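Trainee: Could we go through this model together, one question at a time?

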Amino acid sequence: MGFWGRLLRAILGQQVGQPSAVESSHAGAANRGPSVATVLTAQSLQAAHLLPVATVPVSGSVVGAVATAGGRPRGSLALAARRDARKRARQKERHRLREIRRADRLSRDITYLGRGVSGWLNERVSDVVKLQSTGLPVMSVPADVANALGISLQSLRGLAFHAEVAGLTNYLRFTVPKRGGGERELSVPHRRLAAAQRWILRTILDRLSVSEEAHGFVRGRSVLTNAQRHCGQAVVLNLDVQNFFPSIPFGRVRRVFMGAGYSKCVATILALVCTECPRREVVFEGRRLWVATGIRGLPQGACTSPALSNLVCLRLDRRLRGLAGKLGFMYSRYADDLTFSGGADLRQRAGAVLTSVGAILGSEGLLVHPDKTRVQPRSTAQVVTGLVVNDRPGVCRREVRRVRAILHRAATEGLERQNREGHPNFVAWLTGRIGWIGQSRPELGQKLMEELRGLR
């Protein structure tokens, strides 16, 4: 038993009329000093706040020396109150200083951008020589990115922050009907995010090289150059990648920027600006929230998504080119549209080719669309990205006849009466169809355009 425990036991033993062992041993030694009872009473006065609430009568000397309130001395309660007040004041001051330091840190740096994406924000070494050799802006830390975009670190944090549940979103979401049925969800960035993405596209992505097999969204290439590679072949095989843009995840986009020479920190920020989660709107306790329903990937509607998809698919194009070369076939890709062409043996080996292509796509995190695979022999109209390539690339005859018939009837009935499909701007639609024909057949396109001008 400890000292204060023994002291308490001695005092309580006195109060109930039971002498303690200490008193018994000193019963006949009054001349040696004060009694044990007197010493114990003095010690109890010095440490009265350590005693429990008295449940038995105490001696008059103790009551007279110590005035209790609720079982504790009034002086001790006042002291505890002052101590608690000082403690609360210190805690409040520490909290205030912590908030000041946090605000200062947030204004000078970015160290966290959400769960699962912030692990590399402390890696801040860029390959300056590589960036300068390719003409890319040198950026190593978050402040460099913010300065390049002409925005504050706080604004950059708002554009790049990843949250699985968000009250606000940087995208406007809506659906449009697909030509083959169903709906496609588009995510259009708001003004500030769109400006940042345009800067990334113009200053970084457009300066990076893509594969020779990629023809979509590349300067100097088009559906026409893609179709020209497959003209005059015995068999044409078309495949489509399912959910192409959303299937390219944040991690692969980040590796594109890291491969360009940027630090892991800068690559993380740029990748977050260019990607987004598919989200669903819910209402919880009266608040409208946007909840992530899938992984963070390339949004359909951002100007950076096509260029990033080409850069992410560099290895895919290299592997598919190797497969086609090994089998003696041609290969090209326009966004998510893959085309192989070759001799008559391609028709017999189509199953093996599809299996190999599906395995390669699967290892790249992509899937073949099961409803958009076509094997086209020469006896049929071989269509590649909307152009017939049996002999030379061109628009199908039915489309040319349709436009000619509209112009012919418009000469006698009027142009507006030909709008049988109810196009909002019929002249613009017809101009676009003529331009589509003229892309592969310039002489015919020019002739049809002159006829249209004569009707207006």
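Trainee: What do the buried residues of H14 pack against?

Mentor: First, a word on the source: this is a predicted model, where local features need pLDDT of at least 70, side-chain atom pairs count only at pLDDT 80 or more, and totals for chains, interfaces and linings use all residues. Residues are numbered from 1 along each chain as its sequence is written, and side-chain values use heavy atoms, with hydrogens and water left out. Helices (DSSP H or I, at least four residues) and strands (E, at least two) are numbered from the N terminus; buried means under 20% relative accessible area and exposed over 50%, with a 1.4 Å probe and protein chains only. The buried residues of H14 pack against S9, strand S10 (337-342) and helix H16 (350-363).

Trainee: Within what arc do the buried residues of H14 fall?

Mentor: Leu316, Asp317, Leu320, Leu323 and Ala324 are buried in H14. Taking directions from the helix axis to the C-beta atoms, these residues line one face of the helix, because they fall within an arc of 125°.

Trainee: Nice! Which exposed residues does the face turned away carry?

Mentor: Look at the face of H14 opposite its buried side. There you find Gly325 and Lys326.

Trainee: And which residues is Val357 in contact with, beyond its sequence neighbours?

Mentor: Contact means heavy atoms within 4.5 Å. Setting aside neighbours within four places in sequence, Val357 touches Leu239, Leu320, Leu323, Leu338 and Phe340.

Trainee: How many residues of helix H13 are buried?

Mentor: H13 spans residues 305-312 and is mostly covered. Its cover includes H12 and H14.
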